[in-house]
Amino acid sequence: TIPKTQTAAIVPHLGGDLQIKHDYPVVQPSQLKPGECLVKLECTGVCHTDLHAKQGDWPIKPSVPLVGGHEGVGIIVAVGAGSTEADLSQVKLGSRVGIKWLAYSCLMCEFCRKGLEQNCEKNLLSGYTTDGTFCQYTKSWLSNVTPVPDNISSLEAASLMCAGVTVYRALLNSNAHIGDWIVIPGSGGGLGHLAVQYAVSMGLRVLAIDTSEDKKNLSLKLGAEKFIDFKTSKNLVQDIRDATDGLGPLAAIVTAANPDAYAEAIDYLRPGGTLVAVGLPGGGKLAADIFFTVFKSIKIVGSYVGNRQDAVEALQIASLGKVKTFLAKKPLSELAATYKGMEEGKVVGRVVLEIPQ
Ligand code: 8ID
Ligand code: ZN
């Protein structure tokens with residue numbers, strides 16, 4: 001039976017403090033429309049995006065009261081009456097599924113037809129414009145949840161739903177090929193540590209950039225060939241070039257929530273190289289030197305999460321044992337402390353919260 005109320009972490013208003021509520025309403029099965037489902041969550045990753053949402057520091061604001069979270073894994077416990085055979089062709093009642101940032105996209109518009117579901121004008125964003133995964137039960141959409149392969153635990157699958165999908169798509173957008181050098185600023189964080197692994201499994205050579213011994217050790221353990229500490233480097237451009245055959249990396253996948261991490265990319269990239277913008281510091285500006293962008297034939301690409309197929313592929317690669325989330329498991333009640341750790345740059349890899357059952 002589905003309870004009427006649940007425990008949920010709520011941000012009551014923009015920039016407000018997080019509250020754990022025990023009487024937040026549960027969407028009842030009878031309220032589900034065709035194509036919708038109710039997911040009983042087991043766990044959820046905490047993405048830096050959730051912190052941006054809580055702080056309201058992006059130009060597009062989240063809806064409040066906000067139930068954040070968009071890296072959830074759980075079981076479909078109810079399906080909207082009238083859901084079609086097509087709705088139920090990939091998942092059904094009882095399926096273990098992942099909930100990603102893109103909770104809903106119409107699948108019919110020009111952007112959806114082109115595979116740019118991220119840019120669907122009717123989209124709903126989990127933990128931003130529709131209730132997310134920092135709760136026990138959340139409404140989702142059969143067309144957009146992702147089936148989780150049996151051999152990946154829910155804890156390990158959770159962060160693949162945002163961090164994993166996003167960096168997998170970003171690497172595809174980088175056009176880097178086997179044997180190419182790429183640089184990953186933010187390599188010790190949630191997105192970055194997964195980016196290192198997807199990159200290595202693509203045959204890329206990884207120069208990792210972050211700060212602290214822990215993040216250095218993790219980056220190297222996960223397959224980065226070299227590491228540079230951005231806080232201690234005296235000349236980052238020179239150090240990056242020196243570390244990559246003197247010519248610079250073919251691509252930079254910037255996963256840091258910090259505009260500084262973008263600042264010198266045009267200078268250190270190899271001619272013909274690609275800057276892939278992933279990290280989303282609120283209000284950040286890309287200051288690219290036009291002359292050298294042209295003169296070096298540089299490409300600048302924005303990469304925004306991934307579509308349904310990207311999610312399936314990102315999980316598939318993990319299912320083959322090539323990528324594993326480095327995570328600290330904590331209770332939902334630790335969400336506020338996790339945000340604090342993230343602000344201070346102390347979270348290595350990901351924090352994944354267990355949902356009270
Ligand atoms: O679709 C997208 N583009 C997408 C999807 C998901 C998340 C974008 N994001 C955004 C988030 O909103 C956030 O702005 O990516 C950014 C990183 O998210 P995250 O990986 O969840 O954050 P984290 O775990 O805090 O890791 C960030 C790492 O960056 C390092 C930090 O030390 C940390 O390890 N870092 C920073 I801050 N400044 C750096 C710098 N100048 C840096 N590393 C290298 N150089
Ligand atoms: Zn995210």
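In this predicted model, A163, G164, T166, V167, Y168 and L171 of α4 meet G190, L191, L194, A195, Y198 and A199 of α5, where contact asks for C-beta atoms, placed from the backbone, within 7 Å. By class, this contact of α4 with α5 holds nine nonpolar, three polar and no charged residues; here Ala, Val, Leu, Ile, Met, Phe, Trp, Tyr, Cys and Pro count as nonpolar, Asp, Glu, Lys and Arg as charged, and the others, Gly among them, as polar. Helices (H or I, at least four residues) and strands (E, at least two) are DSSP runs numbered from the N terminus. Residues are numbered from 1 along each chain as its sequence is written, while chains are lettered from A and ligands numbered from 1 in the order in which they are written. Because the model is predicted, local features need pLDDT of at least 70 and side-chain atom pairs count only at pLDDT 80 or more, whereas totals for chains, interfaces and linings use all residues.

The axes of helix α4 (residues 160–174) and helix α5 (residues 190–201) come within 8 Å and cross at roughly 50 degrees, which makes α4 oblique to α5. Axes are lines fitted to C-alpha atoms, for helices over the stretch in contact, with angles running from 0 to 180 degrees between N-to-C directions. Angles under 35 degrees count as roughly parallel, over 145 as roughly antiparallel, 65 to 115 as roughly perpendicular and the rest as oblique. The crossing of α4 past α5 is right-handed, meaning that the near helix is turned clockwise from the far one by less than a right angle.

Helix α4 has another partner in helix α11 (residues 308–319), with the axes 9 Å apart and an angle of about 100 degrees; the two are therefore roughly perpendicular. Here L160, M161, G164, V165, Y168 and R169 of α4 meet D310, A311, E313, A314, L315 and A318 of α11, a contact of eight nonpolar, one polar and three charged residues.

Turning to α1, its axis and that of helix α12 (residues 335–343) come within 10 Å and cross at roughly 100 degrees, so α1 and α12 are roughly perpendicular to each other. H48, L51 and K54 of α1 and Y339, M342 and E343 of α12 make the contact, with three nonpolar, one polar and two charged residues. The loop between α1 and β4 (72–79) contains P65, and the peptide bond from V64 to P65 is cis, with omega near -5 degrees. Most residues other than glycine have a negative phi, and most peptide bonds are trans.

What surrounds ligand 1? The shell consists of 35 residues, the closest being H48, G186, G189, A256 and A257, where a residue counts as near if its C-beta atom, placed from the backbone, lies within 6 Å. Two or more residues each come from α1 (48–55), α4, α5, β11 (205–210) and α8 (260–263). By class, the shell has 17 nonpolar, 15 polar and three charged residues.

The domain assignment divides the protein chain into domain 1 (5–159 + 325–354) and domain 2 (163–302), with bounds from an automatic or database assignment. Their C-alpha centres lie 28 Å apart, and the contact takes 13 residues from domain 1 and 13 residues from domain 2. On the side of domain 1 that touches domain 2 are four nonpolar, six polar and three charged residues. The shell around ligand 1 draws at least three residues from each of these domains.

Notes: Two residues are in contact if their C-beta atoms, placed from the backbone, lie within 7 Å.
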